[in-house]
Amino acid sequence: MFYEELERFMSKFGKEEAGSAPWTLEIQRQAPVLIIVWNAGEYGWVTEEHSVAAAMQNILLRAYDLGLASLWIGDVFYADEAIVKYFNKEWKLSGAIALGYSDDKGRIPPRKPVDEVAEFLE
Ligand SMILES: Cc1cc2nc3c(=O)[nH]c(=O)nc-3n(C[C@H](O)[C@H](O)[C@H](O)COP(=O)(O)O)c2cc1C
């Protein structure tokens, strides 16, 4: 489903518009487990998306503890409608998480110094 939807998206909007989605899909296809993450929107609060993001982060941290590799997947936009239809949910699709075993030692992206990403007021 993901592959067909991405092909459809790229033929309509062009490869550029797909951004990192082809790369993400490649990892997704190699991973033995894909968790689809939903926001059930129980109360309709904006903060529900915060809770979903925190839950995703917790899954990634636990996966790391267990020696698993993981990928937080935001690249689901091109298949949004198809996924919702497939699972037949009333919920909002938040993203996905791929889980598996790393095939290399992993690359840690360079970190920006804290002063670059935060402003401290006195
Ligand atoms: C909200 C969010 C969505 C992401 N979506 C994707 C994705 O769709 N594809 C991908 O390859 N990486 C995705 N990533 C992973 C990032 O590209 C990056 O590898 C990861 O966050 C580790 O870097 P960091 O520790 O600096 O955040 C996502 C990360 C976040 C936080």
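At 1.5 Å a residue, helix 3 (residues 47-65), with its 19 residues, should span 27 Å, and its end C-alpha atoms lie 27 Å apart, which agrees. The expected span is 1.5 Å times one less than the number of residues in the helix. This is a predicted model: local features need pLDDT of at least 70, side-chain atom pairs count only at pLDDT 80 or more, and totals for chains, interfaces and linings use all residues. Residues are numbered from 1 along each chain as its sequence is written.

**Overall layout**

- The protein chain holds five helices and three strands. Helices (H or I, at least four residues) and strands (E, at least two) are DSSP runs, numbered from the N terminus.
- The order of elements from the N terminus is α-α-β-α-β-α-β-α.
- The C-alpha trace of the protein chain spans about 50 × 40 × 30 Å along its principal axes.
- Of the 122 residues in the protein chain, 11% are buried. A residue is buried if 20 or more other C-beta atoms lie within 10 Å of its own, exposed if 12 or fewer, and partly exposed in between; C-beta atoms are placed from the backbone.

- Three strands form an open sheet in the order 1-3-2, with antiparallel pairing. Strand 1 and strand 2 are the edges; each has a single partner strand, so one side of each is left without a neighbour in the sheet. Neighbouring strands are turned by 20° against each other on average, direction ignored. Axes here are lines fitted to C-alpha atoms, for helices over the stretch in contact, and angles run from 0 to 180 degrees between N-to-C directions.
- Two strands pair if DSSP finds at least two bridges between them.
- Seven bridges link strand 1 (residues 33-39) to strand 3 (residues 92-100) in the antiparallel sense. Ile36 has Ala96 of strand 3 as its bridge partner.
- Strand 2 and strand 3 run antiparallel and are joined by five bridges. Ala69 has Gly100 of strand 3 as its bridge partner, and Ser70 stands opposite Leu99 in strand 3.

**Ligand shell**

- Around the ligand are Ser20, Trp23, Thr24, Leu71, Trp72, Ile73, Gly74, Asp75 and Pro109. A residue is near a molecule or strand if its C-beta atom, placed from the backbone, lies within 6 Å of it.
- Helix 2 (21-30) and strand 2 (69-73) each supply at least two residues of this shell. Strand 2 gives the most, with three residues.
- By class, the shell has five nonpolar, three polar and one charged residues. Ala, Val, Leu, Ile, Met, Phe, Trp, Tyr, Cys and Pro count as nonpolar, Asp, Glu, Lys and Arg as charged, and the others, Gly among them, as polar.

- Ala21, Thr24, Leu25 and Gln28 are buried in helix 2. Seen down the axis of helix 2, the buried residues fall within an arc of 100°, so they line one face of the helix. The arc is that of the directions from the helix axis to the C-beta atoms.
- Trp23, Glu26 and Gln30 are exposed on the other side of helix 2.
- Gly67 follows helix 3 and has a positive phi, near 80°.

**Glu119**

- Glu119 sits in the segment after helix 5 (114-117).
- Glu119 counts as exposed, because it has 6 C-beta neighbours inside 10 Å.
- Glu119 and Gly41 are 78 residues apart along the chain, and their C-alpha atoms are separated by 33 Å.
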